[in-house]
Amino acid sequence: AKHNGRGNFQFFSAAMHDATTQRIKLEAELHQALERREFLLHYQPKLDLATGKTSGFEALLRWNHPQRGLVPPLEFISVLEDTGLIIAVGEWVVAEVCRQLGAWRADGFPIVPVAINLSARQLEQDDLAATIEQIVTASGIAPALLEFELTESMLMVNPDAAVAILGRIKALGMRLSIDDFGTGYSSLAYLKRFPLDALKIDRTFVRDLPHDSDDAAITRAVINLAHSLNLKVVAEGVENLEQLCELKRFGCDEIQGYYVDRPLVPARCFIRADSAPLLG
Ligand code: C2E
Ligand code: CA
Ligand code: CA
Ligand code: CA
């Protein structure tokens with residue numbers, strides 16, 4: 001048994017050493033990624049269920065790793081947060097979205113607002129609104145073309161500070177929405193403290209529509225309550241026509257998901273004609 005224990009310990013230790021080495025390597029690579037221009041954004045459209053038109057896009061971060069290729073955010077966002085690199089990368093995202101909006105405008109495309117995901121670390125920065133204002137002013141892009149997505153849990157860490165920061169961003173003329181709604185603990189009534197424009201229903205509630213009657217009831221209730229609080233509702237993760245129809249029946253305003261489109265490279269964003277066909 002002793003022998004086994006020791007063997008296990010050595011094995012475990014080697015595995016730990018491996019994980020630590022990998023983590024250090026990942027951090028070092030991420031430190032260089034920004035200046036090496038390895039980050040890029042994909043854009044996923046939101047479909048307005050009333051008009052059948054693209055009402056906006058969400059910018060989603062990708063890392064084009066020199067050896068591994070395109071790395072999804074779940075594999076590196078938490079490292080950016082732990083190291084504080086998310087502050088610089090977050091600023092790059094805002095600047096890049098403004099640059100892209102300018103490029104689309106120059107190419108004559110019909111410009112719609114773009115939503116940007118914020119992280120908890122960014123919301124801890126007292127000068128977040130001022131930083132955003134600086135970047136957007138320098139770009140010459142209309143502030144109304146930007147929207148920011150935050151999660152409930154981010155707002156609940158320090159609600160008073162969050163109210164102040166969001167108030168400043170809102171005063172700049174930008175839109176604010178709650179991401180992944182329903183996965184946190186806040187009530188809609190509590191959320192009313194924040195100057196929000198929209199609420200995105202998390203895709204876990206959409207996944208089993210229309211068959212799961214609990215999810216259907218929750219979704220319908222959230223939509224009705226949000227509307228009574230003057231919030232638009234976006235449903236995330238819509239993957240089929242049945243889900244779309246049910247959400248439309250419930251009065252949901254916009255949908256996002258693979259059924260409409262995956263996150264796209266900028267050059268593909270305006271290729272698909274606005275699609276009444278999707279609406280059946
Ligand atoms: P999120 O903000 O909830 O973004 C939605 C995620 O769901 C995206 O994953 C998107 O590709 C995926 N998705 C979209 N439609 C569907 C669908 O129909 N079915 C399924 N199963 N998934 C769908 P992605 O791009 O991997 O991003 C993951 C998360 O990383 C985001 O979740 C967001 O929390 C974070 N993230 C992405 N970009 C940024 C960024 O620029 N800054 C920060 N702070 N976080 C970001
Ligand atoms: Ca989001
Ligand atoms: Ca989400
Ligand atoms: Ca999410």
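Ligand 1 is surrounded by 21 residues, the closest being Arg62, Asp179, Arg203, Glu239 and Tyr258; a residue is counted here if one of its heavy atoms lies within 4 Å of the ligand. The model is predicted, with local features requiring pLDDT of at least 70 and side-chain atom pairs pLDDT 80 or more, while totals for chains, interfaces and linings use all residues. Side-chain values rest on heavy atoms, without hydrogens or water, residues are numbered from 1 along each chain as its sequence is written, and chains are lettered from A and ligands numbered from 1 in the order in which they are written.

Several polar side chains approach ligand 1. A polar contact is a pair of N or O atoms within 3.5 Å; within protein, one must be able to donate a hydrogen and the other to accept it, and residues adjacent in sequence count only if both atoms are side-chain atoms. A polar side-chain atom of Gln44 lies 3.0 Å from a nitrogen atom of the ligand. Asp179 places a polar side-chain atom 3.0 Å from a ligand oxygen. For Asp180, an N or O atom of the side chain is 3.3 Å from an oxygen atom of ligand 1. Taken alone, ligand 1 exposes 810 Å², and the protein buries 83% of that. These areas come from the Shrake-Rupley method with a 1.4 Å probe; for residues, only the protein chains shown count as cover.

Gln44 is found in strand 1 (residues 39-48). Helices (H or I, at least four residues) and strands (E, at least two) are DSSP runs, numbered from the N terminus. Gln44 counts as buried because its relative accessibility is 8%. Buried means under 20% relative accessible area, exposed over 50%, and partly exposed in between (1.4 Å probe, protein chains only). The Gln44 side chain also reaches the backbone oxygen of Asp261 at 2.9 Å. Beyond neighbours within four places in sequence, Gln44 is in contact (heavy atoms within 4.5 Å) with residues including Glu58, Tyr258 and Asp261.

The calcium ions (ligand 2 and ligand 3) are 3.9 Å apart, and Asp179 coordinates both. Donors are N, O and S atoms within 2.8 Å of the metal (3.2 Å for Na, K and Ca); water is not among the atoms, so sites may look incomplete. The protein donors of ligand 2 are Glu58 (OE), Asn117 (OD1), Glu149 (OE) and Asp179 (OD), at 2.2 to 2.3 Å. Along the chain these donors follow the spacing E-x58-N-x31-E-x29-D. Asn117 in strand 4 (residues 114-117) and Asp179 in strand 6 are 62 residues apart, and the pair links distant parts of the chain. Asn117 is partly exposed, with a relative accessible area of 28%, whereas Asp179 is buried at 7% relative accessibility.

The calcium ion (ligand 3) is coordinated by Asp179 (OD), Asp180 (OD), Glu236 (OE) and Glu236 (OE), at 2.1 to 2.6 Å. The spacing of its donors is D-D-x55-E. Asp180 lies in strand 6 (residues 175-181) and Glu236 in the loop between strand 8 (232-235) and helix 11 (241-249), so the pair ties together parts that are 56 residues apart in sequence. Glu236 is buried, with a relative accessible area of 13%. Asp180 is partly exposed at 26%.

Ligand 4 and the calcium ion (ligand 2) are separated by 5.9 Å. Asp180 has a positive phi of about 55 degrees although it is not a glycine.

Phi is also positive, near 55 degrees, at Arg37. This residue, Arg37, sits in the loop between helix 1 (2-33) and strand 1. Arg37 is exposed, at 75% relative accessibility. A cis peptide bond joins Leu209 and Pro210, with omega about 0 degrees. Pro210 lies in the loop between helix 9 (203-206) and helix 10 (213-228).

The largest nonpolar core has 77 residues, of which Val97, Leu146, Phe148 and Ile169 touch the most other members. Such a core is a set of buried Ala, Val, Leu, Ile, Met, Phe, Trp, Tyr and Cys residues joined through side-chain atoms within 4.5 Å. Helix 3 (residues 85-106) gives the largest share of this core, nine residues. Gln100 also lies in helix 3. Gln100 is buried, at 7% relative accessibility.
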